[in-house]
Amino acid sequence: MVVREAAGAGRGGTLAWSRSSLLLQVFGVVGLVFLGAVLVTYLGTLPGLRRRFDLTAVGSNTLDERLAELVEKLPEPVLVEVFFRPFDYPLTRVGAQAQGRMSQLLHVARNQFPEKLKVREHDLADVAKVSVRMKELGLEEDNVVVVTRGKHKVVLRLLRDVARIDPGNPLVESEPTLEAFRGEEALGVALLRVSIEETPRIVFTVGHGERDLFDVEKPLAIGRLHSALVADGLRADRWDSSADPQVPADARVIAIVDPQQPFSSAELEVIERFVEDGGRLLLTTTGNAALFGQAGSPEALAGRLGIGARAGFVAQPIPDGFGGWRMGLEQCGTIVVAGTGLDRRHPVTESLWRADERVGLPNARALVPEGTRPQNSVLVDLLRSTEVSWRDLPQSGGRGDWRFDQRGEETGPFAVAMALAFPPADSRSDAEGERRAARVIVLGASDALSNDILGRNRDFVMNVFNWLAQRDYRLVIRPREVERRVLDLANTNALTLLNVLSFGVLPGLCAVLGVVVAFARRR
Amino acid sequence: MSGAWTIYRRELAGLFLSPLAWVLLCIALAFNGFFFVLSVKGFGGDVLQSMSFLLGGSYTFWMLVVLLPPLLTMRMFSEEARTGVLEFLLTAPVSDFAVVLGKLLAATTLLAVLWSSAFLYGLALAALGTPPDWAPLVSGVCGATLVSALFCSVGLAISALCNTPLLAAFFATIANAAILSLPFVDALLALPPGSPLRVALGHANVITQFQASFVVGALDTKHVLFFVVWTGFFSFVATRVLEARRWW
């Protein structure tokens with residue numbers, strides 16, 4: 001009003017100036033308020049100032065207490081990267097279900113602990129960008145969740161570690177279904193593993209013709225195992241026990257993989273003492289027929305711990321595709337252990353049993369408890385062959401014929417991998433002040449670790465090393481039930497009622513009221 | 001604040017005594033109802049999913065949220081300016097902010113009535129033996145009301161700027177759609193992860209802010225604050241524009 005009076009006084013220039021000045025002031029104030037709004041919005045996102053309340057009846061917006069406690073104790077933020085892509089038929093529907101539940105879980109976790117968990121969902125349609133990241137992480141497959149903290153990384157595979165699928169039966173048109181979703185448990189174990197600072201050292205003995213630890217090309221070398229161990233946060237290197245008689249001070253595990261030459265008694269003594277003092281040992285039987293069972297052989301060392309290895313190789317018949325079985329083939333020498341052949345309680349095999357995984361073992365020796373075992377020891381058959389397997393003994397030419405001979409050959413099942421644990425001889429404690437039990441795994445098939453078969457046995461092999469390195473973290477979280485409240489659609493009355501309410505009653509009421517109002521206003 | 005209350009009652013009476021509000025409610029409810037029944041069938045009778053779909057989980061919800069507030073707010077200043085009622089209002093013993101607040105609350109109340117129809121669907125489902133989880137329903141309605149308030153404040157600011165209701169509705173719809181589309185700017189510009197603009201756009205994602213808490217039955221102060229603060233900001237802009245009418 002004041003401005004208009006001024007204009008009436010004929011001071012046009014002043015009026016324009018006043019308006020512009022006022023306009024600038026208004027813009028300035030609006031700008032300041034905008035910045036204020038941005039600041040308040042930002043402050044609202046700060047973890048200390050943010051509060052979140054779960055209003056649902058079953059607490060679906062809150063993590064399980066044990067997992068929440070674990071996340072809370074994380075020393076620094078953890079990055080969770082999601083690489084999901086639609087599954088091919090027939091897993092499309094069930095895969096999407098598992099992906100949805102995992103995404104929902106991560107969403108809840110991120111919202112509950114925004115300062116501890118960073119979740120990045122990669123769009124696999126952006127092939128170029130994603131493949132670079134997958135390469136950085138060393139991923140060879142998609143539909144995985146990668147949990148990373150600094151150099152520590154754990155890969156969770158959706159249909160193995162996170163969800164268990166019932167494959168259904170195509171013959172009766174029953175589709176695969178989601179049998180169990182263990183996302184919280186899997187995420188918890190992954191967080192536990194990445195939050196541990198140490199990188200346990202595994203030493204592979206050399207100097208006796210063992211498999212090459214750094215060759216990734218030769219089928220029988222174990223270079224890929226080395227890469228897998230390093231990628232999993234372990235350190236793996238060589239130890240020449242003949243040149244350096246002392247076990248490296250920081251070695252947590254000694255691995256003896258398929259030696260071709262005997263160990264000296266002094267070397268065996270050192271290794272045995274290491275184990276007795278609470279050390280860890282992986283021992284595979286030798287593939288050298290001449291060394292097998294002789295003094296200085298891995299079998300001799302296993303024998304000192306109460307585990308014996310039998311001559312010959314465990315074989316099993318091959319299905320011929322017509323409902324029958326065939327013998328006499330080279331493939332009979334590679335046994336496949338699955339289902340009841342896996343110990344369902346031991347940390348090494350429990351997850352494999354749960355995920356219905358298989359372990360392939362070429363040229364496997366049968367193992368038996370034999371001799372005197374250390375006091376208070378616990379011996380478990382990790383892998384057992386099937387009842388139709390047999391122990392194929394060498395013929396006159398030194399090789400087996402892969403045919404069951406009733407006269408001299410035994411039938412299965414046979415243990416082909418055994419785990420032994422016992423308290424150490426003295427009462428020495430580890431860094432955490434806990435008494436560390438000695439752990440030994442004897443594997444009857446050294447080829448199970450080789451480059452050409454590691455891809456198939458990777459989970460088993462990694463479980464073996466993680467158990468030996470005492471990284472077998474177990475967290476039991478009961479799978480959460482999905483709350484479903486389902487209206488019976490077969491009940492036509494229900495749908496009719498909903499239809500009447502949705503299309504009839506509510507809009508109709510508004511229409512009637514509108515007409516009444518219109519008439520009332522007109523009158 | 002008594003001024004705001006007076007304006008609120010006047011506006012609310014004006015809205016509910018005009019056929020336009022009832023026509024809008026009728027169309028919106030028929031629209032909502034159609035998609036609700038469709039979602040119940042589509043989700044195989046899953047009540048929880050259907051309710052989430054109704055309140056924030058579907059495109060239809062966002063379409064209503066973008067279109068309805070401008071239609072309600074378009075007349076609030078521009079029509080009054082055209083008919084000269086605004087002159088009386090501005091000379092009345094109430095502050096400009098009270099005028100804006102009263103009108104904002106009135107428009108938001110009408111939309112809250114629309115979203116509250118979800119309770120009737122919930123009651124119907126309960127009567128059929130499958131009661132929904134009421135807490136997410138309540139949080140969903142509250143969230144939908146907050147989103148509506150945000151878009152009503154945008155509509156009011158634009159209505160205060162325009163002299164023609166239709167023009168106000170048009171620009172407000174464009175503005176609302178632009179606000180909803182802000183996160184897509186990130187994809188258009190191919191911003192690198194972690195860049196400040198990308199982070200800022202992420203925070204300005206209205207759909208995520210709504211779906212991350214209200215739809216899933218959680219109350220998050222971050223999201224409540226977001227809607228309250230930005231509704232406040234646009235109300236402030238509307239107040240300043242209204243004030244500018246005195247000297248422009």
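User: Before we start, what should I know about the model and the numbering?
Analyst: It's a predicted model, where local features need pLDDT of at least 70, side-chain atom pairs count only at pLDDT 80 or more, and totals for chains, interfaces and linings use all residues. Residues are numbered from 1 along each chain as its sequence is written, chains are lettered from A and ligands numbered from 1 in the order written, and side-chain values use heavy atoms, with hydrogens and water left out.

User: OK, chain B. How do H2(B) and H3(B) cross?
Analyst: The axes of H2 (residues 19–42) and H3 (residues 47–54) of chain B come within 9 Å and cross at roughly 150°. Helices here are DSSP runs of H or I, at least four residues, and strands are runs of E, at least two, numbered from the N terminus. Axes are lines fitted to C-alpha atoms, for helices over the stretch in contact, with angles from 0 to 180 degrees between N-to-C directions.

User: Parallel or antiparallel, then?
Analyst: Roughly antiparallel, H2(B) to H3(B); that label needs an angle over 145 degrees.

User: Which residues make the contact?
Analyst: From H2(B), B:Asn32, B:Phe35, B:Phe36, B:Ser39 and B:Val40; from H3(B), B:Ser50, B:Met51, B:Phe53 and B:Leu54. Contact means heavy atoms within 4.5 Å. By class, that's six nonpolar, three polar and no charged residues.

User: And H6(B) with H7(B), what's the geometry?
Analyst: H6 (residues 96–127) and H7 (residues 134–161) of chain B have axes that come within 8 Å and cross at roughly 155°. That makes H6(B) roughly antiparallel to H7(B). Their contact residues divide into 18 nonpolar, six polar and one charged.

User: Switching to rings: how many aromatic pairs over all chains?
Analyst: The count is 21. Rings of Phe, Tyr and Trp (its six-membered ring) pair if their centres lie within 6.5 Å; planes under 30 degrees apart are stacked, over 60 edge-to-face, and the rest tilted. Take A:Phe204 and A:Phe465: centres 5.9 Å apart and planes at 35°, so the pair is tilted.

User: Where do those two sit?
Analyst: A:Phe204 is in strand S8 (residues 201–206) of chain A and A:Phe465 in helix H12 (residues 451–468) of chain A, 261 residues apart, so to speak distant parts of the chain.

User: Buried or exposed?
Analyst: Both A:Phe204 and A:Phe465 are buried, meaning under 20% relative accessible area (1.4 Å probe, protein chains only).

User: Which residues form the aromatic cluster in chain B?
Analyst: B:Phe61, B:Trp62, B:Trp115, B:Phe210, B:Phe214, B:Phe226 and B:Phe227.

Key:
Angles under 35 degrees count as roughly parallel, over 145 as roughly antiparallel, 65 to 115 as roughly perpendicular and the rest as oblique. Ala, Val, Leu, Ile, Met, Phe, Trp, Tyr, Cys and Pro count as nonpolar, Asp, Glu, Lys and Arg as charged, and the others, Gly among them, as polar. Buried means under 20% relative accessible area, exposed over 50%, partly exposed in between (1.4 Å probe, protein chains only).
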